[in-house]
Amino acid sequence: MRLAAKRESRGWAGRPIESLWLEALGLGIHAHVGGNGPPVVLVHGYGVSSRYMLPLAQSLAPSFSVFAPDLPGYGRSQRPQTPLGIAELAGALASWLDAAELRRPAFVANSMGCQIVTELAVRLPGRVGPMMLIGPTVDPQRRAARHQLLGGLRDSAREPRSLLALAARDDAAFGVRALLATARSALADRIEQRLPRIVQPTVVVRGADDGFVGQSWAEKAAALLPRGRLVVVPRQPHAVHFTRPDLVARIVHELLVEELEQAGNELPWRLPHRHVPAWEADEPGGGQDSLPLRGDPRREQPVILAPNEQRSGMNRREFHAQVSVGREQGPV
């Protein structure tokens, strides 16, 4: 069932980002939506709402229909009676996909959102399209709470202040009790056991200055994925999608272009629901100028790595071969 929503005529950064209210698992779920084209679902991480996905939504909107839901209890979505763990959040996301009538969208997830999306991909592989995992947690070698706390302190010094302000507001709204319960579930979750079972083509993205996700774990995560690749973006923190949304959007385009060609553009994307303009405007992340996907990585350009190999650079054709959808895994 679709929930009524109040209309407020306010756009964001020049192009409208709208609000969509749906019901999933008996809860009112809010999502930011916009754009036109094949569907891409953006899944936020621990303690934050979909608002920090808005810079990426803006960059994707010219080519894709973008959906950025607030998971139950987060952002503007209704709060469940008890906080949901990783498995329950994956179930809620599946229910929301049904309500949104999305059969096999692509997914872009950050941090704990990667745990939720991979759980969904293993549970319902036919409902999940190509995936991008940005800073996937939790590194099995850094699972202890103290490691995560230290990682958070390191990374917070590298994130833009605008993101830290968003996170602080979202944390306060989410509540200490819910934060602790969700943290326990996230730390107990074993994403490394699911990755070998992921059939979708998947790109792992890591900011080279990520305080949460180390290079060794990012490489291992990509290697565990049967159709995985790793992209390392120099001088960027954990939330690469916020600091370099245009770059991430270009990688998403590379990931989806062949999938759409092979599917004959049959993936569902039309928004069949009543939707209204978003209630607030959010500041985009800093540094949104386009970053080319080829050239010398010493000039802050991304490094594309196949599992078990280190490479200093790659031209666009090689990049497309590494991450394009529907092809067998390249050389290992």
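**Exercise 1. Determine which residues of helix α2 are buried.**

Solution. The buried residues of α2 are I86, L89, A90, G91, A92, L93, A94, S95, W96, L97, A99 and A100, where buried means under 20% relative accessible area, exposed over 50% and partly exposed in between, with a 1.4 Å probe and protein chains only. Helices are DSSP runs of H or I with at least four residues, strands are E runs of at least two, and both are numbered from the N terminus. The helix is thus mostly covered, with 12 of its 15 residues buried. In the chain as a whole, 58% of the 332 residues count as buried.

The model is a predicted one, in which local features need pLDDT of at least 70, side-chain atom pairs count only at pLDDT 80 or more, and totals for chains, interfaces and linings use all residues. Residues are numbered from 1 along each chain as its sequence is written, and side-chain values use heavy atoms, with hydrogens and water left out.

**Exercise 2. Compare the span of α2 with its expected span.**

Solution. The expected span is 1.5 Å times one less than the number of residues. For the 15 residues of α2 this gives 21 Å, and the distance from the first C-alpha to the last is close to that value, at 21 Å. Just after α2, E101 takes a positive phi of about 60 degrees.

**Exercise 3. Characterise the packing of α2 against α3.**

Solution. First, the geometry: the axes of α2 (residues 86-100) and α3 (residues 112-123) come within 8 Å and cross at roughly 70 degrees. Because angles of 65 to 115 degrees count as roughly perpendicular (under 35 roughly parallel, over 145 roughly antiparallel, the rest oblique), α2 is roughly perpendicular to α3.

Second, the contacts, meaning heavy atoms within 4.5 Å: I86, A87, L89, A90, G91, L93, A94 and L97 of α2 meet M112, Q115, I116, V117, E119, L120 and R123 of α3. These residues divide into 11 nonpolar, two polar and two charged. Here Ala, Val, Leu, Ile, Met, Phe, Trp, Tyr, Cys and Pro count as nonpolar, Asp, Glu, Lys and Arg as charged, and the others, Gly among them, as polar.

**Exercise 4. Describe the surroundings of C114.**

Solution. C114 is found in helix α3 and counts as buried because its relative accessibility is 0%. Leaving aside residues up to four places away in sequence, C114 touches A109, L133, I134, P136 and I191. C114 and L133 are 19 residues apart in sequence, yet their C-alpha atoms are 5.6 Å apart in space.

How values were computed: Axes fitted to C-alpha atoms, helices over the stretch in contact; angles between N-to-C directions.
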